[in-house]
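Hi,

Here is the model I promised to pass on.

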Amino acid sequence: MRAIVYTHYGPPDVLQLKEVPTPTPQNNEILVRVHANAINYGDLLARNFGAVTPAAFNMPGPLWLLARIAFGWRTPRVTTLGSEFAGEVAAVGTAVERFKPGDQVFGYLGQKMGANAEYICVPEGGMVTHKPATMSYAEAAAVPYGALTAMTLLRKVQLGPGRRVLIIGASGGIGAAAVQLARHAGAEVTGVCGTQRVAFVRELGADHVIDYTRDALGAAGGAYDVIVDILGRSSFAACRELLTPDGCYLRVSFKLRELLQMAWTSRRGGRRVICAFSNETPADLEAVRQLAEAGVIRSLIDRRYPLEQTAEAHRYLESGARRGSVVVESA
């Protein structure tokens, strides 16, 4: 089978199309013919992790060390990227009961990755379920990472009618899902993004959009019950006065400073900082599927690339010009 392989950290050109053995499913695994996989921030980070310093890493230093060990110190240990996928079951192991050949599925591989290939093996009880019937393979492939992360983290705060939410980084995978999920909960949502993605965030359903290149975070007026910062582009000090007296500042990416702020504000009461890790389960993926089929979560595809042009997909995503999801199609 064909797969995109890289053996050295570096720019998109390190990604090469190779012929590799087709995997064979174990008793509890399914073999998936991958039709599409989405390129996300994690792919870019893993591909160039050799150049990522502890200071540049968007999590505390000890986690950088663990990630460096997991991905490989000098050269990549995971040589095929791609964490999100959608495809068709090609074969099943002898103990598999939930799936049969021909089933359309989608899922999330996490740090194990491997979806930049024509076939992958996935445990039946892992992060895989039937594809939303209302979505194409490309649309479904762009859903899991952002939706799962946003869903699990938004459980840390109170959302509902009458609540005002500010999402900093609303145009990325996690931010786009957070906009849609917060709107579904009945909250009034303000998204923050760059000029070229304002229309995209509006199409996601945001009530207000702030262009950070021209406007201040408080441009939409009023106080927020929840402020979500996806990639750490703000600070608690800068956002404190934008929060209601009992508002929450939720950091998806954080350093030691934010952890200390969380401990301090949790003891003082009032406005507080929350730092949390995403903790996805197969049940969460099934919930995402149902929300997608109901039209709550949508995928807006910007560009599609064939498998052999995966490097170009990375290059485009890195350029910052994208207005929606970037998907690689292998069938």
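This is a predicted model: local features need pLDDT of at least 70, side-chain atom pairs count only at pLDDT 80 or more; totals for chains, interfaces and linings use all residues.

Residues are numbered from 1 along each chain as its sequence is written, and side-chain values use heavy atoms, with hydrogens and water left out.

Back to β3, then. Strands here are DSSP runs of E, at least two residues long, and helices are runs of H or I of at least four, both numbered from the N terminus. Two strands count as paired if DSSP finds at least two bridges between them. β3 (residues 29–39) and β6 pair in the antiparallel sense over five bridges. Strand β4 (residues 84–92) also runs antiparallel to β3, joined to it by six bridges, with Ala-36 opposite Ala-86. β15 (residues 325–329) is a further antiparallel partner of β3, over four bridges, and there Val-326 is the bridge partner of Ile-39. β3 is mostly covered: 10 of its 11 residues are buried (buried is under 20% relative accessible area, exposed over 50%, partly exposed in between, with a 1.4 Å probe and protein chains only).

On to the cysteines. Cys-121 is partly exposed, at a relative accessible area of 22%, whereas Cys-239 is buried at 0%. The structure holds zero disulfides (a disulfide being a pair of cysteine sulfur atoms within 2.5 Å). For Cys-239, the closest cysteine sulfur is in Cys-275, 13 Å away, and that is too far for a bond.

In the loop between β5 (104–108) and β6 (119–123) you will find Met-113. Its phi is positive, about 55°, although Met-113 is not a glycine. Met-113 is also buried, with a relative accessible area of 11%.

There is an open sheet too, with six strands in the order β10-β9-β8-β11-β12-β13 and parallel pairing. β10 (208–211) and β13 (272–275) are the edge strands, each pairing on one side only. From one strand to the next the twist averages 20° (axes are lines fitted to C-alpha atoms, for helices over the stretch in contact, and angles run from 0 to 180 degrees between N-to-C directions). β9 (residues 188–193) pairs with β10 over four parallel bridges, and Thr-190 stands opposite His-208.

Which side of α2 is buried? In this helix (residues 61–71), the buried residues are Trp-64, Ala-67, Arg-68 and Phe-71. They cover an arc of only 100° around the axis, which puts them on the same side of α2 (the arc is that of the directions from the helix axis to the C-beta atoms). The face turned away from that side carries the exposed Pro-62 and Leu-66. The cover over the buried residues includes α1 (41–47). Gly-72 follows α2, with a positive phi near 120°.

Last, the cores. A nonpolar core is a set of buried Ala, Val, Leu, Ile, Met, Phe, Trp, Tyr and Cys residues joined through side-chain atoms within 4.5 Å. The largest has 56 residues, of which Ile-167, Val-228 and Ile-297 touch the most other members. Apart from it lies another core, of 41 residues, among them Ala-67, Phe-71, Leu-242 and Tyr-249.

Cheers

Notes: Contact means heavy atoms within 4.5 Å.
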